[in-house]
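Subject: Structure handover

Hello,

Here is the structure you will be working with. Please open it beside this message and follow along; the notes on what was found come after it.

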Amino acid sequence: MKKVIKFLIIVAIIIWISVIIINKNDDIVVCIDAGHGGTDAGAINNNRYEKDDTLKIAKLIEEYLNNEGIKTVMTRTNDTYVSLRERCKIANKKRADLFISIHRNSAEQGNGVEIWTNSKKKQDDLELSNMILENLQSVGIQTNRGVKIGSIEGENTDYYVLNNTNMTSCLIELGFITDNVDNKLFDENIENYAKAIAEGIIEQIIEQ
Ligand SMILES: [Zn+2]
């Protein structure tokens, strides 16, 4: 009889541990990729660097998601250089469910927000991008430049981080650092932009 009880206790413990492990694997993980960093400043407008803007908002998105109980992994948390290859490795290794790359645009002329999706991944990426862009539009952006497929080089060329991550992903160009109105909107709305992006992520998680 004692042996039976001992056996049952061991079985119960094994089941209990298995449940914990399974639940752990079920956790949604979102990888937030703050574009550029360290020696790679990204786009520059006087003293303003893209790498600083992307890190600032990436941290706010992380905070919002964590408060909603969603796990996050950051490709960088400070002003350091991380290669594109390493960024993808971080997301893939952690088996992230979503990968969100944050950038700011630059051009002699042009303003507004656009979101890029990979030409090969398609549906989930488009849904995620559309939801985020709609939310950003609600907060207030100068121009809605739309959800775009491929890269600035063309529809069949993809951004490295979107091409080399295994999960649903998108790359957000959060206004032009070269446009003063976009910068003003970015500074005034940074918390609401972060919330808009995080809520788009959450909507996509629910749908997936
Ligand atoms: Zn960039």
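Two strands are said to pair if DSSP finds at least two bridges between them. Helices (H or I, at least four residues) and strands (E, at least two) are taken as DSSP runs and numbered from the N terminus. With that in hand, Val113 of strand E6 (113-117) stands opposite Asn144 in strand E7 (144-149).

Two remarks on how to read the rest. This is a predicted model, in which local features need pLDDT of at least 70, side-chain atom pairs count only at pLDDT 80 or more, and totals for chains, interfaces and linings use all residues. Residues are numbered from 1 along each chain as its sequence is written.

The chain as a whole

The chain has 6 helices and 8 strands. Read from the N terminus, the order of elements is α-β-β-β-α-β-α-β-β-α-β-α-β-α. The C-alpha trace spans about 80 × 30 × 30 Å along its principal axes. A residue is called buried if 20 or more other C-beta atoms lie within 10 Å of its own, exposed if 12 or fewer, and partly exposed in between, with C-beta atoms placed from the backbone. By this count, 38% of the 208 residues are buried. Two residues are in contact if their C-beta atoms, placed from the backbone, lie within 7 Å. Among contacts with a separation of 6 or more, 78% join residues 24 or more positions apart.

The sheet

In what order do the 6 strands of the open sheet stand? The order is E4-E1-E5-E8-E6-E7, and the pairing is mixed. Strand E4 (71-74) and E7 are at the edges with a single partner strand each, so one side of each has no neighbour in the sheet. On average, neighbouring strands are turned by 20 degrees against each other, direction ignored. Axes here are lines fitted to C-alpha atoms, for helices over the stretch in contact, and angles run from 0 to 180 degrees between N-to-C directions.

E6 and E7 pair in the parallel sense over 5 bridges. The chain goes from E6 through helix H4 to E7, a β-α-β crossover that is right-handed; that is, with the strands pointing away from the viewer, the path from the first strand over the helix to the second runs clockwise. E6 also runs antiparallel to E8, to which 3 bridges join it. There, Ile115 has Ile172 as its bridge partner. E5 and E8 run parallel and are joined by 7 bridges, and Leu98 is the bridge partner of Thr168 in E8.

E6 is mostly covered, with 5 of its 5 residues buried. Val113, Ile115 and Thr117 point one way, while Glu114 and Trp116 point the other way. In a regular strand the side chains alternate between the two faces of the sheet.

The helices on the sheet

H4 (residues 123-139) has 17 residues, which at 1.5 Å a residue should span 24 Å; its end C-alpha atoms are 25 Å apart, which agrees. The expected span is 1.5 Å times one less than the number of residues. H4 lies across E5, E6, E7 and E8, at about 30 degrees to E8. Its buried residues are Asp125, Leu128, Ser129, Met131, Ile132, Leu133 and Leu136. What covers them includes E5, E6, E7, E8 and H6. After H4 comes Gly140, with a positive phi near 125 degrees. H6 lies across E1, E5 and E8, running at about 165 degrees to E8.

The core

A nonpolar core is a set of buried Ala, Val, Leu, Ile, Met, Phe, Trp, Tyr and Cys residues joined through C-beta atoms within 7 Å. The largest one has 42 residues, and Ile61, Ile100, Ile132, Ile172 and Ile197 touch the most other members. Helix H6 (residues 180-207) gives the largest share of this core, 8 residues. Beyond its neighbours within four places in sequence, Ile61 is in contact with Ile32, Ala194, Ile197 and Ala198.

Two loop residues

His36, in the loop between strand E1 (29-34) and strand E2 (44-45), has a positive phi near 65 degrees although it is not glycine. Is His36 buried or exposed? His36 counts as buried, with 23 C-beta neighbours inside 10 Å. Arg95, in the loop between helix H3 (84-93) and E5, also has a positive phi, near 50 degrees. Arg95 is partly exposed, with 13 other C-beta atoms within 10 Å.

Regards
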